[in-house]
Every structure is written in C-alpha cells, then in structure tokens.
Amino acid sequence: MGRSRRDFLRDAAGVAIGGSLLGASPFLRGEAAAKKRKVIVVTFGGGARDQETFAPEGQENIPHMLNELIPQASFFTRVSNQGILGHYVATASLATGVYETLNNFSAVPPEHPTVFEYFRKDLRRPSSDAWVVAPSNGFNRIGESEYRSYGPGLGARVVLPKHLLSAASSGALGDYQHLVRDNYENPLYTPQIGGSEFELHQLEMILKLSVGDFMAHARTVSSPDELSMYIVKRLMQQESPSLLWITMHDIDIAHSGTYSLYVDAIRRTDRLCAELWKTVQSEPEYAGNTTLLILPDFGRDADEDPGGNGFQHHRTGDAASRTTWMMALGAGVRPGVVYDRPMQSIDLVPSLGAMMGFSAAFAQGKPIDELL
Amino acid sequence: MLPNSLKAEQFAGYPPEARALVVRHLELLRLLPITFVPSLLREVIEYDFKFPAERAAIDREFTHLSSLSRAQMQLWFQSFSQVSLSTKIEEFDWVNQPAQFLEQESAYLWSTHQMDAFRKAATEYGNRLQSAVPDEPLPVRRVGIAAIGQGVGSYDAPLFRNLRKHGTYFNQVKPENGLEILLKAVADRAQAHPAAYGHWYVDGGRASNHSPLLTSVSYQGLDPVRSALLKNMDAEISRPGMGPEELRTHMARLLPADLGMDKSGDAVLDRFQVKVFTEGSGTQIFSTTFVQWTTREALRRAQPLTLLTRFAPRQRQRPMNELLSAVDGEAELDATGSLVDADMGAYYHWINQQRLPGAEQSAFLVWFEGHKQALAIGPSLPRGTTSTSSVDLAQLLSLATG
C-alpha cells in the first residue's frame, strides 16, 4: 500500500499525527469529575470497509464524520479484530475485551464479564446507569455474562427497538415481519428472547413514551437504526446513563448483495453519528463531560479475495475484513490527532476501565495509552 | 472417522460417476488429511452435475495428486495436517455430507483461532496445484460484457470508477441497437467456437431474443422457481427447532424437482440455477444480486469463453416508515439504485473473469445501456485513458478483442 491509512485523514481533514503528543493525560482530573464522566460507545455496523468510509474513494459517504467529527477527534487508523467475524460474537468481544467464541446466531450471554458488569460492580452503579441499545433479538444477552462473581444483576439494561416495535404492533406488522427479523446474514431467523430485555410496559415507565407515540414515531423513520437513535435520545433525557452502548446495524444490508443499499446505510449511519454528537452537546447531563467512541465491529471482505464476494460478506478473515478504525471525541480526548499504530478491538474495554476508573480484570486487551 | 479408514461401500449414496471416480482414487484419498478430504468430496459428490470445465479440473487434480511421491505429499499437505479438529467433528458423516461438514469445520476453526492457518494452507495448496497443472490454452480469448443501467434516463455521477484504471473510457458511444449488436456478437462467437456451456447470456429481467447456442439464465424466467423456494423457506422457518444451520442444510439439499422444475430439463443447468437461489444471499429478492452472483458462479464453475450480462432494475427497498404505514401496491423499481449495484457488479464480473486462465489476453466491455458511456478493457487498449471517438458497440467490442 503506497499510502498509509493515516494519510487518508491527514489529507482530508488536516489533522495532526499522533505519537509525539503523549504528554499529560487529559483524563487526569479529580474524583468529582470522574464520577460525572459519561461514555457512549457506538458500533458503526454492521461491518464497513475503508474503501466505503475513510479511504479517499469512500469519503463522500461520510461527510459528517469527516467534516464535523474528525476535527474534534482522536482517530485510530489500525484497529484489528482477530476474533470471529460475526456481528453478535464480535460485539460481545468488544464488550468483554476478550475474543468470545459463542455461537453467533444463538441468544447466549458472553462467556466473560462485560464492560457493564465491571463498571457497575467496581463503581457501585445502579442498573439505570448502564444501557445497551441494540438492533435485534440476537443481541438481547449482550448486557451481562454468567461469569461467577459478575453476571446476572450486574449488567446493563438492554433495549431492542425492533423487538419493541414487534411487541408494540401486537403482531400487526403482517407482511413486514422482516423489519423485525434479526439480521441480514440470516434474515429468516430470529432467536427467542430471554434474559433482561427491556419490556414493552417500560416504554412508559422509563422512557415516558406511550405505545401509541412510539408507533407514531416509528412511522416517521426510515430504518431500524433511526428508531434506535430515537430510543437513545429518550434514554439520554430520561435516564442519563453514564455508560451507553449503541449497536448500529443498518449497514449489514450489504449481505443482500445490493451495493447501493450498503452505501446508503453507511451515509445514514454517518448522519446518525453526527446527530448523536449534537444531542450530546445539547443535553445538560452530557454536554462537556462525555466521551464518544465510534468504531465498526469489523470490516468486510476485500473485492480481490477469491474466497469472498467483496463487500457482500465478512467470511474470509482477510485484512480488509479484520482491519478497521476507531474515533474518540469529547471529554479527555485530544482533538484532531491521528494515531497509526496497530491496536486491537479488544483494547476498548480496558481503555474504558482506565478512563472511568474500574478494573476490567478479565479483559485480554491493553489500555490505549493515547486515550489515557 | 479419518480418511485412512475409507472404504468403497461408504460411497454407495454417491451418484454413479462420482462414485466411480472416488473408488478409482480411494488409495489416494486414504493418504490425505481430514482437513482436506471433505473439501475435495464436496466437489466430487456433485461430479455428475458439474460443468465440463469443473469435471476436467477435478480429473486433473486427481491425476496430479496420484502422481506425487510420499515426500511430495508430505510437503503439499503438511499445513493441512497441522490444523486440528475435535473428535466430534471428525466423527461427523463427512463422506455423505461434506458441505455440512465444512460448515461445522469452519465454525470450529473460527472458534479455535485456526482459520488463518487453514486459509494459509488452502492458499498454498491452490498455488501449488495451479503451478503444477498448467491450464489448457483457450481456443479464443475470453470476453465479458456487462450492460448496466437499463431504465435510467440520466445519471450524473461518474460510472466505471473501479475499472477506469484498467481500460479506456469511451464517452461518445453510439447506443443505437446496442443490445442487439452485443447479442449477435455473442452468438457469432458461440457459432465460431462451439463449446458446451461455453457462451452465456444472463439477464436480470426477461431475456431478449437470443441464439439457442447460448446458455441462458434470466431472473424472470426463474420466477416460478424463486416463488417456490420462498414458500418452501417460509414453511421450514415455522417448523419447531428450525435454526439457521438447519435451514441452510435444508436448502443445500433442495433439488430442481423440489422447486417444480421440469425433470426433462438440462440437469446440469437446472442444478446450477437452484444453487444460485439456495446458496446466494439476496438472489431471491434482488435481481441485481441475482445477476452478480450468477455471473460469479458461472465464471467460477463453467469458465465460459463468453459471458454477456444484462442488469435490470430491481425492486425498490421500501423504507421503514412506508412499510409501517401499510401502503400496499405494486413493487416499485429502483432504476438508479440498480445502476449503482450493477456498476459494482460489472467490476466484480471483471475481477472474477481475471481469475480464470488466459486473463492477460481477456477482454471486457461495460456499457451504460441506451447511453453514450462505455469502458473497454483489452490487451491492446490503453489503460486509464478517455476516448471521445464515436463508435458503435460492434466497433467497441472489436477494439477490446482486437
């Protein structure tokens, strides 16, 4: 490769190159500040390649991230995922800091403690302080493991907007059941719900949202991720969780083989990320004290790999499908810096631990120094 | 069970030609590692329904492997031997269900972090085989043609972006009778260089009139098969205990007759068409995906000398708010989105063509149907340039193949 990955951004956004900037940590603050810190993690999914995002030919698809977010962000250009490239198992790995080996298409909890369990147990936080908004039933066990000494009762609360939609419509979706089906890779399969998923009646109790209003809003959005973002905004207003994890999934429409829909979904996700950042600025509980981290769970297969079919899937395990990026912005982050050293996606959880003050005891990644 | 325990009677369930082939090479199979043999059997079990190019490739592979010394065998397969499987996977009936075995093996390799090692072993093997078994020379240079953008009135964004550096972009093409010209050119090639499954025409809508010498596959022509498959899948999904693996296994076993195809048809082509739907993701729903995947599979399997693809508008993906508003009606078409799909599909067509023998001599043409834009790739055409010459499709094809 003639150009390094960081050249993508140096040219496009005029950002500085990290490496010599490791000085006093912007996170070195008092205990009071640490208590108030909020972190939002967004998985830019499911699965996007460089060439449709930060590579020169892809930058037209991410105008909001490129022009609005990157100048404020620390950007990590070489984040690799060495685990299993299925969306649920990869997201579970991101959330535990260990490459999980669970069945991607089963509703089972991660084997190792999640970031939510570390956060709540170490910092003695209530369940209302850690939330996950995920697209579909397959993610309903992502909130907590069954690990002894962690596990049930210590995890995050999980909202599945598609599941809510199905419940709220009381089966009236008719021919459009595919809207609430689980994922694009196995579009005809929906695992049974089990675990601590967000129940319909909690719409009103927690989100202060009637079923009617929820359905009325659902009729105004164009995709499941837009519905997720609506739930996220309600959660931020009503519960103000300190640790909020959002899994985007529209991009996985790529499995249908339609390039235009894949690119459309990237553009939508780009817009939603910028919207989320604006919401952070406008919510008093979040403005000024929130760190936002955005990263794809993994990439997709390279066009040239004979074992795959290009953007459609993520089955080959080639470099394009394993290598991706991460953006961090907001509280404690050095803005406009690009870091080109290799790191792994399982480094996220130990980094969150170091940032927020808990110990990710069983995570196998390493804290990212540039964020500390 | 390991390959060294293989017996001829275990292949009683194989179709006749496949069974004969395996029995003939049983001694060889017994020497190979279990991490390799099921991959070979997955191809062999379909031998009776394979295209001539595939059968020749399997024959050549067996012949060459049989000629290797023990030391050479050790060298060729040591990477496979270093990949370990669980006893449970080894006990699976990989003789009769090699494809299902490979799915389980794949999941196991991912979960034990051996996928990269397996991938390396497979790549090394493929490279060795390719070097050791030279390709037969082609009777004529291979040609790929893609007509994209049917139904699009105007489009301002640049087309063929991925292909431009490989060929010449023409912006003054005479579009008149373009499709007819291309179909005639393909038919002429089929007439001049007859070969079973050697010249193809794939259409994402209804096939235009074409020469009977062409192997033709069209989305509309397969509507009944597609509908039967979707009904079959819906019925299977509602069965208790059905999950993604079970559904995949069920679909892999479907035969043309299960989906209402006439038993008097072309058994090889019918199986191919069923597999396009049962193995391709999205082929059942979107015509653009159907054309792209059919093209990929036709090139990979049949290795045609000529392949003309014509993309048609696919159905529009309706946004969530529209679906929830329960506004029914005819499925609308998305011509512009289909053009973007097809532009990428044409790029993949060329990539897949370039994986075949004779790549350095092959030619490729992509045309924005009904418009003046096209791009041609050929050994004598400059790369990364633009031509403003006013040419028709016949002249353009001649330039690419000249």
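Q: What is the mean pLDDT of chain A?
A: The mean is 86, and 82% of the residues of chain A reach 70 or more. pLDDT is the predictor's confidence in each residue, from 0 to 100.

Q: Where in chain A does pLDDT stay under 50?
A: Residues 20-33 of chain A are one such stretch, with twelve contacts beyond four places in sequence. Residues 187-191 of chain A are also below 50, with 19 contacts in the model beyond near neighbours in sequence. Two residues are in contact if their C-beta atoms, placed from the backbone, lie within 7 Å. Where pLDDT is low, the predicted coordinates should not be read in detail.

Q: OK, how many helices and strands in chain A?
A: Chain A has twelve helices and ten strands. Those are DSSP runs numbered from the N terminus: helices are H or I with at least four residues, strands are E with at least two. Of its 372 residues, 58% count as buried. Buried takes 20 or more other C-beta atoms within 10 Å of a residue's own, exposed is 12 or fewer, and partly exposed is in between, with C-beta atoms placed from the backbone.

Q: Which peptide bond is cis?
A: The one joining Gly45(A) and Gly46(A), with omega at about 0°. Gly46(A) sits in the loop between strand E2 (38-43) and helix H3 (63-69) of chain A.

Q: And which residue has a positive phi of about 60° although it is not a glycine?
A: That is His113(B), in the loop between helix H7 (98-111) and helix H8 (115-132) of chain B. Phe160(B) has a positive phi too, near 55°, and is found in the loop between strand E1 (143-148) and strand E2 (168-170) of chain B.

Q: Phe160(B): buried or exposed?
A: Phe160(B) counts as buried because 22 C-beta neighbours lie inside 10 Å. His113(B) is partly exposed, with 13 other C-beta atoms within 10 Å.

Q: Switching to the interface: how many residues does the contact take from chain B and from chain A?
A: The contact takes 33 residues from chain B and 29 from chain A. H15(B) gives the largest share of the chain B side, six residues. By class, that side has 17 nonpolar, eleven polar and five charged residues. Here Ala, Val, Leu, Ile, Met, Phe, Trp, Tyr, Cys and Pro count as nonpolar, Asp, Glu, Lys and Arg as charged, and the others, Gly among them, as polar.

Q: How do helix H10 of chain A and helix H15 of chain B cross?
A: The axes of H10 (residues 259-282) of chain A and H15 (residues 335-354) of chain B come within 7 Å and cross at roughly 110°. That makes H10(A) roughly perpendicular to H15(B), a label for angles of 65 to 115 degrees. Tyr259(A), Ser260(A) and Leu261(A) make the contact with Gly337(B), Val340(B), Asp341(B) and Met344(B).

Note on methods
Residues are numbered from 1 along each chain as its sequence is written. Chains are lettered from A and ligands numbered from 1 in the order in which they are written. This is a predicted model: local features need pLDDT of at least 70, side-chain atom pairs count only at pLDDT 80 or more; totals for chains, interfaces and linings use all residues. Axes are lines fitted to C-alpha atoms, for helices over the stretch in contact, and angles run from 0 to 180 degrees between N-to-C directions. Angles under 35 degrees count as roughly parallel, over 145 as roughly antiparallel, 65 to 115 as roughly perpendicular and the rest as oblique.
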